[in-house]
Amino acid sequence: LMEFTRANFSDVVLSLAKKNNIPVENIDGQKQEVYKKQLSRKEALYQILRDAKDWFKSQLNNSLGKEAMIYLTSDRNLNKKTIDQFELGFAPNSWNDLLNYLLKVKKYSLELILKSGLATSKDNSDKTYNRFRNRIIVPIYDMQGRVIAFGGRSLDGQEPKYLNSPESEVFEKGKTLFAFEKASNSIRKSDKAIIVEGYFDVISLHSK
């Protein structure tokens with residue numbers, strides 16, 4: 001075991017990188033400030049997405065989410081344990097309830113809400129509204145267990161049937177495999193994986 005002070009830590013990192021032929025860019029000054037701002041922005045996105053996930057869960061478990069809960073338990077045959085494990089939620093059929101909650105209760109800026117993909121606005125218009133309406137909400141996580149996006153399944157036939165969060169600083173669709181963070185340990189142990197197409201195909205397999 002080795003203990004490094006803040007003063008010599010960078011020297012050790014650079015020495016190890018040199019020994020292993022790994023290029024390292026020493027970030028300082030203006031670049032360091034930019035990097036700090038990027039980290040701060042990402043942390044804010046993780047926080048707002050986590051708060052939204054909790055809000056969606058609360059909506060599924062109140063009277064507004066009754067139809068969505070029936071769909072999950074009857075049509076999809078999911079039990080309470082699986083619903084809780086995947087932290088499924090519900091977005092009521094409203095244009096601004098989540099938006100108002102994030103703005104007025106949680107005090108997030110409109111800019112951050114738009115960056116998170118939870119709300120959207122029409123081109124050349126000041127009107128901002130919830131992205132997800134009357135949909136079952138499936139949180140999407142990264143390997144660290146942080147919410148990075150959502151998938152929403154329509155309950156009333158509105159198109160698209162499945163609506164995803166747009167890409168953001170914390171979500172790249174092409175680099176994200178749904179529920180991989182839940183299956184990774186089993187994949188390592190068994191040296192095999194089963195890949196299916198849809199959110200609920202994955203969730204159903206986990207409920208077996």
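How many helices and strands does the protein chain have? The chain has eight helices and six strands, where helices (H or I, at least four residues) and strands (E, at least two) are DSSP runs, numbered from the N terminus. This is a predicted model, in which local features need pLDDT of at least 70 and side-chain atom pairs count only at pLDDT 80 or more, whereas totals for chains, interfaces and linings use all residues. Residues are numbered from 1 along each chain as its sequence is written, and side-chain values use heavy atoms, with hydrogens and water left out.

**Overall architecture**

- Along the sequence, the elements of the protein chain follow the order α-α-α-α-β-α-α-β-β-β-β-β-α-α.
- Of the 208 residues in the protein chain, 37% are buried; the term means under 20% relative accessible area, with exposed over 50% and partly exposed in between (1.4 Å probe, protein chains only).
- Among contacts in the protein chain with a separation of 6 or more, 61% are between residues 24 or more positions apart, a contact being heavy atoms within 4.5 Å.
- The protein chain exposes about 13,500 Å², of which carbon and sulfur atoms supply 49%; accessible areas come from the Shrake-Rupley method with a 1.4 Å probe, and for residues only the protein chains shown count as cover.

**Salt bridges**

- Side chains of opposite charge can pair when their charged atoms come close.
- Nine salt bridges are found in a search of the whole structure, each defined as a side-chain nitrogen of Lys or Arg within 4 Å of a carboxyl oxygen of Asp or Glu.
- Arg41 and Glu169 are joined by one of them, with an N to O distance of 2.7 Å.
- This pair links distant parts of the chain, 128 residues apart: Arg41 belongs to helix H2 (residues 29-60), and Glu169 to the loop between strand E6 (162-164) and helix H7 (180-190).
- Arg41 is partly exposed, at 33% relative accessible area, and Glu169 is also partly exposed, at 33%.
- Between Glu87 and Lys53, the closest N and O atoms of the salt bridge are 3.1 Å apart.
- Here too distant parts of the chain are linked: Glu87 is in the loop between helix H4 (80-85) and strand E1 (89-91), while Lys53 is in helix H2, 34 residues apart.
- Both partners are buried, Glu87 with a relative accessible area of 18% and Lys53 with 8%.
- Lys53 and Glu87 also belong to a network of salt bridges that includes Asp54 and Lys57.
- A further salt bridge connects Lys175 with Glu172, at 3.6 Å between the closest N and O atoms; Lys175 is exposed, at 67%, and Glu172 is partly exposed, at 42%.

**Surroundings of Ile137**

- Ile137 lies in strand E4 (residues 135-141) and is buried, at 1% relative accessibility.
- Apart from neighbours within four places in sequence, Ile137 has contacts that include the aromatic residues Phe56, Phe90, Phe132 and Phe150.
- Leu88, Gly89, Ala91, Gly151 and Gly152 are also among the residues in contact with Ile137.

**Nonpolar surface patch**

- Met143, Leu177 and Phe180 form a nonpolar patch on the surface, with about 270 Å² of accessible area together.
- Patches are made of residues with over 30% relative accessible area and no salt bridge, like charges being joined within 9 Å and nonpolar side chains (Val, Leu, Ile, Met, Phe, Trp, Tyr) within 5 Å.
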